Amino acid sequence: MDIKLDPSRDDLPLMANTSHILVKHYVLDLDVDFESQIIEGTLVLFFESGNRYRKKSSSTEETCQSESDEACKFRTPEPCHVPVTNTRTFSSKMGYNDFAIYGKGEKDTSGKDGNHDNQEQASGISSSKYCCDTGNHGSEDFLLVLDCCDLSVLKVEEVDVAAVPGIEKFTRSPKLTVVSELRNQIVHELVTLPADRWREQLDHYARCSQAPGCGELLFDTDTWSLQIRKTGAQTAIDFPHAIRIRYRTKPQGRSVTWTSDQSGRPCVYTMGSPINNRALFPCQEPPVAMSTWQATVRAAASFVVLMSGENSAQPTQLREGCSSWHYYVTMPMPASTFTIAVGPWTEVKPETCSPNDQAAKRPFSPSEADFRCASICGHVEYPCRFQNASATTQEIIPHRVFAPGCLRGACQETLLQLVSPCLSAAHSVLGTHPFSRLDVLIVPANFPSLGMASSFLTSVCPDQDSLTCGPCYKAFLFKFACPNSPHIVFLSQSTLTGGSHLCGTRLCHEIAHAWFGLAIGARDWTEEWLSEGFATHLEDVFWAKAQQQLAPHEAQEQQELRACLRWRRLQDELRNSPEQLQVLRPSKEKTGHVTDSGSSVVKHGLNPEKGFMQVHYLKGYFLLRFLARRLGDDTYFSFLRKFVHTFHGQLILSQDFLQMLLENIPEEKRLDLSVESIFRDWLESSGLPQPLQTERQAGAECGLARQVGAEVAKWNRVNRRPRKRNRRGTKEVFEKNFSVTLQKFGLPIFS
């Protein structure tokens, strides 16, 4: 390995050698066992070696993109079923048996039966012993490195894709006589099929994933990675381009959470941060490794399987008491965005369907006339919704809401009626929805609200004199959603208790991530503000438009009040956090840099304090608010739609956004603004940004903030009066009156 890790540091290692070889597609075939709390099955990876990529840059940095010089025809995916059966056609010499999907009770015996375990050095090959070359230029065997931890890897083998019936149409060169070269050519032809053949491509991926094995590969594991080699394959070009990994997760694996829902029934969902999905399946974690995937998951028939996928999957019964679910994604995305949740969820449906609900439920089946290529997108080729006339005008995408049965009433009363207006509001601001559908899941009560990176709640503490006087103000931010993932949003049940405002703003924040965080991702994970800052700024804008009953000046006052609360929360956080965690661009000029192999680290990615901090949300929010005010809202949001159209489907760094923004600011409004000054004042320094301090000192608090402060002070005075009644009764009266006060001013209530 060419990266030196210091175990005393809190940086998260990204070990995959993505500069040499990239995963283009994953096929997962998994069984969920709730008794042993294990997910077990196979993973087939389809690769392209690095020499097939060219360097492409939208700024001063470089990123790997697939070559495609001609304008492409795009198709919008429709639901399709690509069944992956439970029949395993490959042989095993490892001695494992087919397993039950539930009630198995099998314990993880990794480390005792010769299987490779991330927690200890396995007895197979050793990268230091064999001095394997991780590049494509040495004389030793090429070493494939995947990000992997908390997994038991049972077997790795090459897949004989040439044995798939009808696959010969992908062998364009009749001169190839070396079988390994023939297999790799087949995979190359498959992964480079044009976007309008996505159905055929998915079908061939599924069929190839079931092809027999043609030779076991040597592999080794350490704490953070899985390393694989084939004897005699000295370069990435020679390395097998389709491999199968048989593995199982561990009950204590940090990517998945085994728990019980609000009704006491078992469920499991992916945790995501801080280590993302490497404890769910071996993968390439660096953001540049953008891939597609399809997954078949089997579970007991009483369970619902939800996943990142473009299709609204329905269960297929395999045998009595067992169902199979299949999802797929055709838009290349980082492996960290893959999400799965399995539990006894109930789909919450409206008692009566509104016209909006009926429109959203209609399947999106564009005709050939819908496909257009008005302008060339900057991303690699995939079925892009931005290039489809029908998709661009679809204000409300199909959506479903799932929750434990005991929360069905609360979801119908609060959440269900908000999804359509929030989706419509987002479309009115940013245009085309990047993804074709959305599932919203209310996760279990023990959902770790603090430490999960997504949306936030501002809550007022009523035990002080005034809302607006320095130390007398307390505000707490609670995170209420899971890391960004396409097609699915996790929400805490607490969002259902604060009325439509709390639930609506949380939902708007997560919907905003479809554009910022997913369709446009950060190329360096330390630049979280590119996701969270945008989502925080946009949640106010979306929610103002979704609340059609509010007059424009009322919506503006609510936004100013929330800005006041965020300002005081930011001040409080910066006073009580380490300076090194207050910087939005901690790597500075090295942001986006990787080693020659493609490995890197996420600075402070494992620091436990970081999970409790909101600085990327708040500083990012205030920076965007500052820029929007400088340009004016109309100019800023017009630019933002242009930016989305230019960069969707791609990864960016801060300078990509800032350079394009400054080019769109009239000279008279730009004044002293430059990329360098914004880096210096906002992104690369700790503490409060100087422009923000100047703005807050010069501006008076809005009238609504003063009214809220007066109301809080009034009820605190009432609470201090001498009383004869029992204190508990007084406290209940105060809390009720304070809740009424918060509702009066459109503030969230948290109980």
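1. Glu 695 is partly exposed, with a relative accessible area of 22%, while Arg 625, at 7% relative accessibility, is buried. Here buried means under 20% relative accessible area, exposed over 50% and partly exposed in between, with a 1.4 Å probe and protein chains only. The two residues form a salt bridge whose closest N and O atoms are 3.5 Å apart. Glu 695 belongs to helix 15 (residues 690-698) and Arg 625 to helix 10 (residues 615-631), so the bridge ties together parts that are 70 residues apart in sequence. A salt bridge is taken as a side-chain nitrogen of Lys or Arg within 4 Å of a carboxyl oxygen of Asp or Glu.

2. On the basis of the note: this is a predicted model, in which local features need pLDDT of at least 70 and side-chain atom pairs count only at pLDDT 80 or more, whereas totals for chains, interfaces and linings use all residues. Residues are numbered from 1 along each chain as its sequence is written, and side-chain values use heavy atoms, with hydrogens and water left out.

3. The overall composition is as follows. The protein has 17 helices and 28 strands; these are DSSP runs numbered from the N terminus, helices being H or I of at least four residues and strands E of at least two. Of its 751 residues, 61% are buried. Among contacts with a separation of 6 or more, 79% are between residues 24 or more positions apart, a contact being heavy atoms within 4.5 Å. The protein exposes about 29300 Å², and carbon and sulfur atoms supply 49% of that area (Shrake-Rupley method, 1.4 Å probe).

4. The structure holds 34 salt bridges. In one of them, Arg 298 is joined to Asp 31, with the closest N and O atoms 2.9 Å apart. This pair links distant parts of the chain, for Arg 298 lies in strand 15 (residues 290-300) and Asp 31 in strand 2 (residues 21-33), 267 residues apart. Both ends are shielded from solvent by the accessibility criterion: Arg 298 is buried at 0%, and Asp 31 is buried at 3%.

5. Asp 540 and Arg 566 form a further salt bridge, the closest N and O atoms being 2.6 Å apart. Since Asp 540 is in helix 8 (residues 529-546) and Arg 566 in helix 9 (residues 552-575), the pair ties together parts that are 26 residues apart in sequence. Asp 540 is buried, with a relative accessible area of 2%; Arg 566 is likewise buried, at 2% relative accessibility.

6. Four strands form an open sheet with mixed pairing, in the order 20-21-22-25; two strands pair if DSSP finds at least two bridges between them. Strand 20 (346-348) and strand 25 (488-491) are the edge strands, each pairing on one side only. From one strand to the next, the twist averages 30°. Strand 20 pairs with strand 21 (residues 399-403) in the antiparallel sense, over three bridges, and Val 348 has Val 401 of strand 21 as its bridge partner.

7. Helix 6 (residues 408-430) packs on this sheet, touching strand 20, strand 21, strand 22 (438-442) and strand 25, and its direction makes about 155° with that of strand 21. Helix 7 (residues 499-512) lies across strand 22 and strand 25, running at about 145° to strand 25. For these angles, axes are lines fitted to C-alpha atoms, for helices over the stretch in contact, and values run from 0 to 180 degrees between N-to-C directions.

8. With a disulfide defined as a pair of cysteine sulfur atoms within 2.5 Å, the count is zero. The sulfur of Cys 406 has its closest cysteine sulfur in Cys 411, 9.3 Å away, which is too far for a bond. Cys 406 is partly exposed, at 48% relative accessibility. Cys 214 is also partly exposed, with a relative accessible area of 27%.

9. A last point concerns a loop residue. Met 271 lies in the loop between strand 14 (266-270) and strand 15, and is buried at 18% relative accessibility. Met 271 and Arg 254 are 17 residues apart in sequence and 7.1 Å apart in space, C-alpha to C-alpha.
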